[in-house]
Amino acid sequence: MDVDLHELFTRAAAEGARHRATVAERPAHPAPDPAALAAAFGGPLPTAPADPTAVVDELVAAATPGLVGTVGPRFFGFVIGGSSPAATAADILAAGWDQCAYNEVLAPAAAAAERAAGAWCKQLLRIPETASVGFVTGAQAANTVGLAVGRHRVLADAGWDVETDGLFGAPRVAIVASEERHATIDRAARLLGFGQASLEPVGVTHQGAIDVERLRAALDSMAGRPVIVCLQAGNINTGACDDLRAATTLAHEHGAWVHVDGAFGLWAAASPRTAHLVDGVELPDSWGTDAHKWLNVPYDCGLAFCADPALHAATMSYAASYLTGSGARSDFVLGDLTPESSRRARGFATWAALRELGSDGVADLVDRSCSLARQMADRLMAHGATVHNDVVLNQVLVSIGDTSRTDEIIARVQSEGTCWVGGTRWRGQRLIRVSVSNATTTEADIDASAEAILRAAKRVS
Ligand SMILES: Cc1ncc(COP(=O)(O)O)c(C=O)c1O
């Protein structure tokens with residue numbers, strides 16, 4: 001079949017651009033009909049080939065009713081970043097170029113982009129420049145890599161080679177993390193064979209940061225055991241960051257490996273106004289973060305950093321006869337640092353986002369998100385709402401009236417469509433949770449969204 005690729009790719013990119021250009025005018029969530037979506041995509045597997053242009057048109061028609069305005073300026077659920085214009089265009093190019101970012105031979109440009117973007121990220125996040133960087137799917141994968149490298153190190157210290165002998169018969173590793181750790185830490189612990197029971201939860205401060213004195217007591221009680229301490233920069237509810245300096249110093253005194261889950265909070269380091277929240281960020285042994293959240297790189301893109309590149313590679317790399325001699329470098333290839341060997345070239349989009357914003361632009365993005373979160377808190381409080389967290393970053397926890405009505409308010413906000421907020425449970429109460437992570441959000445968006453939330457609350461009361 002003769003295909004005009006130029007026309008086809010242009011058509012697809014134009015559809016993406018049309019979605020982006022109109023996203024702010026449409027409801028933040030389309031309230032899709034799952035049966036209609038399933039029917040649009042479903043049916044028997046076609047036997048005959050189809051014209052690619054017709055396929056793209058069919059895809060657009062099938063998907064459009066189910067496209068959520070996550071890239072728009074008033075989507076405040078989960079922690080969803082937007083996607084910067086250059087980064088989005090770079091991802092379109094990455095799809096067109098279809099590079100397999102395994103190593104320098106297979107994808108020299110993708111490798112160079114990852115190395116450059118990784119170095120820029122380390123600079124912005126105040127992570128030592130000697131650290132290694134693996135481009136992964138997201139913070140879940142980055143946390144898994146960090147814990148895997150920690151597993152290697154603490155068991156090697158105990159005289160056990162986990163890469164050869166696995167965990168059967170190994171000394172029992174404790175994963176020490178706060179009660180407020182993100183659930184991806186638990187999944188990483190399960191995937192790595194530690195099991196949920198290896199998690200040793202430590203109590204937190206009233207904002208959800210790890211209580212360093214309780215961490216001390218926990219570590220003292222584990223003397224002699226291999227320990228991985230998992231800290232957090234950016235509590236999913238409050239935005240609170242653990243005291244990285246005190247907690248890491250303490251954990252290192254106890255011989256533990258320290259990993260930081262900083263899916264979004266690590267980006268506090270990129271602004272002089274918020275960098276104090278992650279003071280000591282240079283001290284841990286591994287770090288996980290997302291580029292697809294606060295940096296506004298399109299989904300998916302996360303970063304796994306490790307202070308010890310050789311250990312990182314010893315944990316993640318593999319050898320195969322057909323790869324021998326295919327590495328063009330004496331140091332590690334990209335695929336030595338990630339759980340996958342074949343990977344999308346994520347470095348192009350991350351490089352483009354950073355090139356577009358510059359370090360000033362990233363700092364401004366962080367500052368603006370934080371000040372818009374405070375604006376949301378102020379607008380709601382001015383009308384009787386209660387804000388339940390210190391709004392130190394981009395997260396706001398709020399209730400309006402009786403918290404037993406929170407879910408009703410959220411449902412009304414979601415169906416009205418001006419904005420989208422989710423719910424959470426914090427300190428035993430059901431609350432509205434607002435996360436501001438999109439570079440296109442304006443003060444007017446916050447005002448309109450606060451009004452929509454207050455309108456919904458009025459209808460419920
Ligand atoms: C603190 C924290 N850790 C980990 C994750 C998981 O990130 P991802 O979904 O990108 O894997 C999130 C997601 O919101 C998060 O906020």
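Which residue just after H13 takes a positive phi? That residue is Gly417, with a phi of about 95 degrees. Welcome to a short tour of a predicted model, in which local features need pLDDT of at least 70 and side-chain atom pairs count only at pLDDT 80 or more, while totals for chains, interfaces and linings use all residues. Residues are numbered from 1 along each chain as its sequence is written. Helices (H or I, at least four residues) and strands (E, at least two) are DSSP runs, numbered from the N terminus.

**Helix H13**
- Thr406, Ile409, Ile410, Val413 and Gln414 are the buried residues of H13, which spans residues 406-416; buried means that 20 or more other C-beta atoms, placed from the backbone, lie within 10 Å of the residue's own.
- These residues sit on the same side of H13, because their arc around the axis is only 130 degrees; the arc is taken over the directions from the helix axis to the C-beta atoms.
- Their packing partners are strands S9 (395-399), S10 (422-426) and S11 (429-435), together with helix H14 (443-460); contact means C-beta atoms, placed from the backbone, within 7 Å.

**Helix H10**
- In H10 (residues 244-253), the buried residues are Leu244, Ala247, Thr248 and Ala251.
- They line one face of H10, since they fall within an arc of 95 degrees seen down the axis.
- Their cover includes helix H9 (212-221), strand S4 (227-232) and strand S5 (257-261).
- Gly255 follows H10 and has a positive phi, near 75 degrees.

**H12 against H14**
- Helix H12 (residues 347-381) packs on H14 at an angle of about 35 degrees, with the axes 9 Å apart; axes are lines fitted to C-alpha atoms over the stretch in contact, and angles run from 0 to 180 degrees between N-to-C directions.
- H12 contributes Leu372, Gln375, Met376, Arg379 and Leu380 to the contact, and H14 contributes residues including Glu443, Ile446 and Asp447.
- The contact residues divide into seven nonpolar, one polar and three charged; Ala, Val, Leu, Ile, Met, Phe, Trp, Tyr, Cys and Pro count as nonpolar, Asp, Glu, Lys and Arg as charged, and the others, Gly among them, as polar.

**Around the ligand**
- The ligand is surrounded by 14 residues, of which Gly138, Ala139, Gln140, His182 and Ala263 are the closest; the cut-off is a C-beta atom, placed from the backbone, within 6 Å.
- This shell holds five nonpolar, seven polar and two charged residues.

**Asn143**
- Asn143 lies in helix H6 (residues 139-157) and is buried, with 32 other C-beta atoms within 10 Å.

Terms used. A residue is buried if 20 or more other C-beta atoms lie within 10 Å of its own, exposed if 12 or fewer, and partly exposed in between; C-beta atoms are placed from the backbone. Two residues are in contact if their C-beta atoms, placed from the backbone, lie within 7 Å.
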